[in-house]
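Keep the structure open while you read.

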Amino acid sequence: TLLIAKKFPNTKIVTKKFTSFGRLRNEAALLAKHEWILSIDSDEVLSPSLQQEILSLNLRNPRCIYALKRENYYQGKKVSCCGWNSELRVRLYCRLTTGFHSLLVHESVNEKNYKKIVLKNPLYHTPFFSQKDFLEKMQLYSELFSEQYQGRDIFLIEAILKAGWSFFKSYFWKKGVFHGGTGWTISLYN
C-alpha cells in the first residue's frame, strides 16, 4: 500500500507507532482536510457502483453515518457461508461528530444516537489470499485480542468452549460444512 501511495504526488505519508486499530483510524481522521471520512482497509476495494453511489450522496447531516455491505472473497471466490455473507460496516462518517472506538481489534465507528443509512452497493473484501496469510492474520489478531483483555480472568475451559462454539456455529449453523475447504478454513479462523 505504501509503495502505491508513494507514486502519487498528492499523497502525504504519515507513520505512527501502533497503539490500536481504532486509535490509528482516529489519528488519521484528524489529519484529513475534510469533515467526512471514508475509512477502508488495505484489503478492501470499493466496487465501481459503490464509488458512484458515494459520489451521489448529499453529505450534509453530521448525525448520519453510512454502512457499507461488505462482500468477502477467499481464493478469488465470493464467500456465502460462515457469517461472511452478510456483513455491514460503518465506514463513512463525519469526523466532527463521531469516530472509531479505540479497541485494539474489531474496532468500529461509534453508532450510538446516529442515523445509520445502509448503502446498496458492495465493498469488496479479501482478508487473506493464502493459508500463510490466514495463519499470520490469525496470530496477530490472537495476540492483540489477548492484550486487549489482559488482566481479565479467563479460564482455559472457558476459552476452549468459546472457541469450540464459534467453530461449531460457523461450520454447521452458518453452513461452512457445505463449502469444502473454504468453509473449514473460515470456520477455523472465526
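A residue is buried when its relative accessible area is under 20%, exposed when over 50%, and partly exposed in between (1.4 Å probe, protein chains only). This is a predicted model, where local features need pLDDT of at least 70, side-chain atom pairs count only at pLDDT 80 or more, and totals for chains, interfaces and linings use all residues. Residues are numbered from 1 along each chain as its sequence is written, and side-chain values use heavy atoms, with hydrogens and water left out.

**Salt bridges**

- Side chains of opposite charge can pair when their charged atoms come close.
- A salt bridge here is a side-chain nitrogen of Lys or Arg within 4 Å of a carboxyl oxygen of Asp or Glu.
- By this rule, the count is eleven salt bridges.
- Lys16 pairs with Glu27, with the closest N and O atoms 3.8 Å apart.
- Lys16 sits in the loop between helix 1 (2-6) and helix 2 (21-31), and Glu27 sits in helix 2, so the pair ties together parts eleven residues apart in sequence.
- Helices (H or I, at least four residues) and strands (E, at least two) are DSSP runs, numbered from the N terminus.
- Lys16 is exposed at 52% relative accessibility, while Glu27 is partly exposed at 27%.
- Arg91 forms a salt bridge with Glu44, the closest N and O atoms being 2.5 Å apart.
- That pair links distant parts of the chain: Arg91 is in strand 5 (residues 87-94) and Glu44 in strand 2 (residues 44-46), 47 residues apart.
- Both Arg91 and Glu44 are buried.
- A network of salt bridges links Arg25, Asp41, Glu44, Arg70, Glu87, Arg89, Arg91 and Glu107.
- Glu111 and Lys116 also meet in a salt bridge (3.1 Å, N to O).
- Glu111 is partly exposed at 33%, and Lys116 is partly exposed at 40%.

**Cysteines**

- How many disulfides (pairs of cysteine sulfur atoms within 2.5 Å) does a search of the whole structure find? It finds zero.
- The sulfur of Cys81 is 3.4 Å from the closest cysteine sulfur, in Cys82, which is too far for a bond.
- Cys81 is buried, at 1% relative accessibility.
- For Cys94, the closest cysteine sulfur is in Cys64, 10 Å away and too far for a bond.
- Cys94 is buried too, with a relative accessible area of 2%.

Note on methods
A disulfide is a pair of cysteine sulfur atoms within 2.5 Å.
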